[in-house]
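Colleague: Could you take me through a few features of this structure, giving the general idea before the particular case?

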Amino acid sequence: MNSRPRYRFEQFFATRRILSLQPAPDGESLLFVSDISGQWNLWQVSSQGGWPRQLTLFTENAARAGIFSRDGSRIAIMADHHGDEKFQIYLMDAVGGWPEKITDRPDVQYSLAAFSPCGRYLAFSGNAANPQDVDIYIYDLETKETRQVTPGGGLRYAFSFSPDGSKLLAAQFYGNTNQDILLIDVASGEIRNLTAHEGREVKYQPGPWLKDGSGFYFVTNEGREFNGIAFYDLEADKWSYVVTADWDVSGGVLNADQSLMAYVVNEAGRSVLHVIERETGRRLALPELPIGVISEVDFAGRDSRNRLFIQMATYKEASTIYVLDLSAGTLTRVTESMLGNIPEEVFVAPELVYIDAHDGLRIPAWLYRPHGIEPGAKVPAVVSIHGGPEAQEQPGYNYGGFYQYLLSQGVAVLAPNIRGSTGFGIEYQKRIHRAWGGDDLKDIESCNRYLRSLDWIDGDRIGIWGGSYGGFATLSAATRLPDLWACACDFCGPANLITFLQSVPPHWKPIMKAWLGDVEEDRDFLIERSPITYVDQLKCPLMVVQGAKDPRVVKAESDQMVERLRSMGREVEYLVFEDEGHGFTKRTNQLKGYGAMADFLIRHLKK
């Protein structure tokens, strides 16, 4: 391969990060969150494209989402400070102005839900009354008063008002694989559990209402391995599936007259868009879309033109917004995310492979092979473990261009969906519950051995990298499988499961026992599975990257690993960002952090 890289790190990371799409009610524009300004802010752009208008001017705070009122006159915003995830709620006029806080509790995490149909009320959730509970609140835009709707007890998240505004659709959260749908009377606070399923774990996630208020759509896996879309008939007090597949289905959004439904099927990580006639199920022919990952789809509430707003990414393009005009059959790109001036042929498309685990389970993985490997040559590789752990590695422009930059430097990437990942059935997902550092570690070992079986991989130059749970997996692999790695890089991963459980956000604690374990009852098990227990076995160079404001994996997790290693004279690089939380909100920090991690891996793998 050419030893001199043609394109620089900065070019691969020259992207506008985009998230949290919401169309205006008339469909003529849309809101999205982006770091165009160097920090996450709220922007608005025409549905025809063009330069967007910046609506918020945050520098130390980070916007995370924005929603319109039903008439489009007001916007509600959710933002936090330095990535601390203590999200506060703001309101502003859609035509201009300054966002004003309607919550001001820096010790509380709020989450944004929806405006009422009349526009006077705003529903949101938060752990203001009790740090370990999440309750539902309604803010009156006229009186500027906030009322707690639910009485406390459990984790309850508001989603939407009924069409007449008298009810709230909400979710009761027990865990990642277990929820209920609640119907809450706004006036009385009376709660009706529509999906009670004691003794079983089932996912239920609320979706859109029918305009007449007779029922609503939702996503569930009741009686199935994979998520499907169902409809709940309130008068009959029963529900039935309307869309199922042999993969997870998401979306279930309706157009303005509710004649059409759009949804996405997750086929082993690739997103496949479908639009059907709601009543007949007849599938519409669609223009060809790029093969990639669709993160959001939505229709505008009062748009007669049947425009579907799509946010998606591919291996060669960071998250971008398109408008699919179903009436005209046209697809229009609304935003531009790639600024690095890199030809498309430079980017590497991943290949879906399957790896045999020790117990016969097949592990799906995305394999990226660098261009230009000469016959007989061998290249180094990085095993990348995603966070979550109940999340999924998908073929997008992952980690801001991190993979593609490594590939341009002649480093291969293997990104597996080890057991515990989502998208491959509920039983596959649940294999990580109370099992961190067990068979998942053996899956990682299988991934390493798979790479060594490839004739174009140098088995002595394999590194491992991951963030959050992926950081835990990285530390576990580096300390418990020390002979397999040339280097390891941990991005905000827990090192000690005892202290991790003791320091998580308070409203996580009620569900942590079923997910990971109990500090007292499972103490020996948690110690046995903690990377810090095996720190003396580490052989390869290690890098640790951490945000000082991280509320999920606190800085003390990384501190104790680094301090122990340094006390033993081991090689460890430690990079702390004082103004970041769990990941990067500021673009300058993103560039510095990923640049340092890429440099570390390349230095130790390419020698």
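Modeller: Let us begin with helix H4, bearing in mind that this is a predicted model: the buried residues of H4 pack against strands E28 (351-356), E29 (362-368), E30 (379-385), E31 (412-416) and E32 (457-467), and against helix H5 (469-480).

Colleague: Which residues of H4 are buried?

Modeller: In H4, the buried residues are Asp440, Leu441, Asp443, Ile444, Ser446, Cys447, Asn448, Tyr450 and Leu451.

Colleague: What span should H4 have, and how far apart are its end C-alpha atoms?

Modeller: The expected span is 1.5 Å times one less than the number of residues of the helix. Because H4 (residues 439-453) has 15 residues, it should span 21 Å, and its end C-alpha atoms are 21 Å apart, which agrees.

Colleague: At what angle do H4 and H5 pack, and how far apart are their axes?

Modeller: An angle of 65 to 115 degrees counts as roughly perpendicular. H4 and H5 pack at about 70°, with their axes 10 Å apart, and H4 is therefore roughly perpendicular to H5. On the side of H4 the contact is made by Asp440, Leu441 and Ile444, while H5 contributes Tyr469, Ala473, Ser476, Ala477 and Arg480; these residues divide into five nonpolar, one polar and two charged.

Colleague: Turning to the sheet with E17 in it, in what order do its strands lie?

Modeller: In general, strands of a sheet pair through backbone hydrogen bonds, and the pairing may be parallel or antiparallel. Here four strands form an open sheet in the order E17-E18-E19-E20, with antiparallel pairing. Its edge strands are E17 (204-209) and E20 (238-243), each of which pairs on one side only, and the twist averages 35° from one strand to the next.

Colleague: Finally, is Phe500 buried or exposed?

Modeller: A residue counts as buried when its relative accessible area is under 20%. Phe500, which is found in helix H6 (residues 497-503), has 4% relative accessibility and so counts as buried.

Colleague: Which residues does Phe500 touch, leaving aside those up to four places away in sequence?

Modeller: With those residues not counted, Phe500 touches Trp436, Pro494, Met512, Leu516, Arg552, Val553 and Glu557. As for its position relative to Val108, Phe500 is 392 residues apart from it in sequence and 20 Å apart in space, C-alpha to C-alpha.

Technical notes. Residues numbered from 1 in each chain as written. Predicted model: local features only at pLDDT ≥ 70, side-chain atom pairs only at ≥ 80, totals over all residues. Heavy atoms only, no water. Helix = DSSP H or I, 4+ residues; strand = E, 2+ residues; numbered from the N terminus. Buried < 20%, exposed > 50% of the residue type's maximum accessible area, 1.4 Å probe, protein only. Contact = heavy atoms within 4.5 Å. Pairing = 2+ DSSP bridges. Axes fitted to C-alpha atoms, helices over the stretch in contact; angles between N-to-C directions. Parallel < 35°, antiparallel > 145°, perpendicular 65-115°, else oblique. Nonpolar A, V, L, I, M, F, W, Y, C, P; charged D, E, K, R; others polar.
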